[in-house]
Amino acid sequence: MRIAVVGATGLVGGEILEVLAERNFKFDELLLVASERSVGKKMSFKGTEYEIIGLAKAVELKPDYAIFSAGGSTSLEWAPKFAAAGSTVIDNSSAWRMSPDHKLVVPEINASSLTSEDKIIANPNCSTIQMVVALGPLHRKYKIKRIVVSTYQSVTGSGKAAVDQMMNERNGVQGDMAYPHKIDMNALPHIDVFLDNGYTKEEMKMVNETKKIFGDDSIRITSTTVRIPTVGGHSEAVNVEFQNDFNLEELRGILENADGVIVQDDPKNNLYPMPLTAHKKDAVFVGRLRRDESQSNTLNMWIVADNLRKGAATNAVQIAEYLSKNS
């Protein structure tokens with residue numbers, strides 16, 4: 001078993017390595033892959049030092065799995081080369097997500113659709129992943145009709161430059177700007193680029209990816225995505241209308257027994273999901289469960305997950321785990 005981490009020097013690449021170590025993913029050889037400017041540098045993994053190699057060299061070595069977190073343009077150019085060499089690519093970028101020829105996978109929802117023929121597999125957007133993990137078991141039971149979601153997303157979703165901007169602002173230091181405005185003590189209703197319909201690309205990712213993962217184009221979805229000055233994870237206020245009515249306690253029980261979900265819902269004791277407590281965790285945390293009193297068959301819920309973990313690295317590693325066990 002030979003596994004490659006492409007983009008090993010980035011934020012998500014570092015998380016992938018942490019997740020591989022924590023979950024004790026079994027492999028015989030690890031390839032750390034990055035851009036040419038990083039080739040030859042050293043990185044440590046579980047006490048062993050590795051030399052970073054370039055993409056061309058990694059393709060030559062034909063890893064069984066190549067987990068990509070190196071941006072869309074790199075994925076578009078190099079994922080097919082890895083696939084042609086026999087590697088299975090699990091890609092964290094948006095490059096392949098909406099391709100009709102490639103599967104968009106959250107293991108708790110649709111891993112069973114994967115076959116040995118799937119050589120490039122797309123990892124969904126971070127904000128989409130945590131929402132569908134929480135909604136998947138409810139969709140199976142009650143059938144989702146409509147979703148209204150507002151997100152409160154960590155600066156880590158924009159990479160190291162955004163974290164640096166926030167910390168510079170917090171410390172009164174002038175530095176490079178990852179955002180068009182100050183982020184510390186602020187909220188930006190602007191994630192990714194604005195589209196002609198007035199929504200951002202991030203908002204439309206949540207709409208389109210959710211439908212693809214659930215395999216249901218009839219679900220109506222609208223989204224507003226907001227960047228806030230946190231680092232622990234993404235939070236989402238979700239209002240979901242079902243076709244069938246639900247018993248709130250039964251619904252709570254479904255979530256408590258769902259794979260990858262932890263229910264934190266005791267507001268009388270101030271227990272509810274928060275980015276601070278989701279940080280470095282692999283689960284999706286759900287709370288503030290309550291009926292929408294303005295509309296029948298409708299639930300309000302609050303969903304939080306570490307966007308670098310379940311929203312990216314953990315989901316990708318879980319796909320590799322599923323494939324290695326079922327190949």
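Visitor: Which residues does T151 touch, if those up to four places away in sequence are not counted?

Guide: Contact means heavy atoms within 4.5 Å, and on that basis T151 touches M206, T224, T225, V226, S235 and E236, not counting residues up to four places away in sequence. T151 itself is found in strand β8, residues 144-153, where helices (H or I, at least four residues) and strands (E, at least two) are DSSP runs numbered from the N terminus. This is a predicted model, in which local features need pLDDT of at least 70 and side-chain atom pairs count only at pLDDT 80 or more, while totals for chains, interfaces and linings use all residues. Residues are numbered from 1 along each chain as its sequence is written, and side-chain values use heavy atoms, with hydrogens and water left out.

Visitor: Is T151 buried or exposed?

Guide: Buried means under 20% relative accessible area, exposed means over 50%, and partly exposed lies in between (1.4 Å probe, protein chains only). T151, with a relative accessible area of 1%, is therefore buried.

Visitor: Where is the place of I52, and what is I52 in contact with?

Guide: I52 sits in the loop between β4 (48-51) and α2 (55-60), and at 1% relative accessibility I52 counts as buried. Leaving aside neighbours within four places in sequence, I52 is in contact with T9, L32, V33, A34, S38, V39, G40, K41 and M43. For L32, which is 20 residues from I52 in sequence, the C-alpha to C-alpha separation in space is 5.1 Å.

Visitor: How should I read two packed helices?

Guide: Two packed helices are described by the angle between their axes and the distance between the axes. Axes are lines fitted to C-alpha atoms, for helices over the stretch in contact, and angles run from 0 to 180 degrees between N-to-C directions. Here the axes of helix α5 (residues 126-142) and α10 come within 8 Å and cross at roughly 85 degrees. That makes α5 roughly perpendicular to α10, since angles under 35 degrees count as roughly parallel, over 145 as roughly antiparallel, 65 to 115 as roughly perpendicular and the rest as oblique. C126, I129 and V133 of α5 make the contact with K310, G311, A312 and N315 of α10.

Visitor: How does the contact of α5 with α10 divide by class?

Guide: Ala, Val, Leu, Ile, Met, Phe, Trp, Tyr, Cys and Pro count as nonpolar, Asp, Glu, Lys and Arg as charged, and the others, Gly among them, as polar. By class, the contact of α5 with α10 has four nonpolar, two polar and one charged residues. I129 of helix α5 is buried, with a relative accessible area of 0%, and touches V106, N123 and P124 as well as K310, G311, A312 and N315, not counting residues up to four places away in sequence.

Visitor: Which value of phi does K143 have, and what is phi of R288?

Guide: K143 has a positive phi of about 65 degrees although it is not a glycine; K143 lies in the loop between α5 and β8 and is partly exposed, with a relative accessible area of 31%. R288, in strand β12 (residues 284-291), likewise has a positive phi without being a glycine, near 50 degrees, and at 35% relative accessibility R288 counts as partly exposed.

Visitor: What volume does the largest pocket have?

Guide: Rolling a probe the size of a water molecule over the atoms shows where empty space is left. On a 1 Å grid over the protein atoms alone, a pocket is an open set of points where a 1.4 Å probe fits, with protein on both sides within 12 Å along at least five of seven lines, and lining residues have an atom within 4 Å of a point. The volume is the space filled by probe spheres set on the points, which are joined across faces, edges and corners. The largest pocket has a volume of about 1,200 Å³, and of the 46 residues that line it, V12, S69, G157, S158 and G159 are the closest to its centre. The elements giving two or more residues to this lining are α1 (11-22), α3 (72-84), α7 (201-214) and α10 (309-326). The lining of the largest pocket divides into 15 nonpolar, 23 polar and eight charged residues.

Visitor: Which residues line the second largest pocket?

Guide: The second largest pocket, with a volume of about 160 Å³, is lined by Y65, T88, L114, T115, S116, D118, K119, Y322, L323, N326 and S327. α10 gives the most to this lining, with three residues, and the lining residues divide into four nonpolar, five polar and two charged.
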